[in-house]
Amino acid sequence: MKDRDYLWCLVNQLLDDEEELERMCPACRERAGEDRCPVCGAPAGQGAVNTSFDLEHFLALKEGRTT
């Protein structure tokens with residue numbers, strides 16, 4: 001694909017999303033704009049935390065160690 005093809009796809013996706021929002025009532029439109037957890041759909045909020053993240057394992061991998 002060429003750059004213009006990617007641009008065409010992006011513009012058309014944005015237009016499709018806008019049309020979908022226009023078909024919704026104001027309450028649903030507002031809810032669709034909220035940040036939500038991609039897994040459970042709960043409001044993400046500003047302090048969303050990944051509970052399955054293992055900091056110790058991450059630091060070990062960052063230093064080149066295996067656990």
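Biologist: Which residues form the negative surface patch?

Modeller: Asp16, Asp17, Glu18, Glu19, Glu20 and Glu22 form it. Patch residues have over 30% relative accessible area and no salt bridge, with like charges joined within 9 Å. Asp and Glu count as negative here, and the place of a charge is CG of Asp or CD of Glu. Keep in mind that this is a predicted model, where local features need pLDDT of at least 70 and side-chain atom pairs count only at pLDDT 80 or more. Residues are numbered from 1 along each chain, and side-chain values use heavy atoms, without hydrogens and water.

Biologist: Where is Asp16 placed?

Modeller: In helix α1, residues 3-22. A helix is a DSSP run of H or I with at least four residues.

Biologist: And is Asp16 buried or partly exposed?

Modeller: Partly exposed, with a relative accessible area of 42%. Buried means under 20%, exposed over 50%, and partly exposed is in between, using a 1.4 Å probe and protein chains only.

Biologist: New topic: how many salt bridges does a search of the whole structure find?

Modeller: Two. A salt bridge needs a side-chain nitrogen of Lys or Arg within 4 Å of a carboxyl oxygen of Asp or Glu.

Biologist: What does Glu34 form a salt bridge with?

Modeller: With Arg36, and their closest N and O atoms are 2.7 Å apart. Glu34 is partly exposed at 37%, and Arg36 is partly exposed at 28%.

Biologist: Which side chain meets Glu63 in a salt bridge?

Modeller: That of Arg65, at 2.8 Å from N to O. Glu63 counts as exposed at 55%, while Arg65 is partly exposed at 46%.

Conventions. Patch = residues over 30% accessible without salt bridge, like charges linked within 9 Å, V, L, I, M, F, W, Y side chains within 5 Å. Areas by Shrake-Rupley, 256 points an atom, 1.4 Å probe, with all protein chains shown as cover. Helix = DSSP H or I, 4+ residues; strand = E, 2+ residues; numbered from the N terminus.
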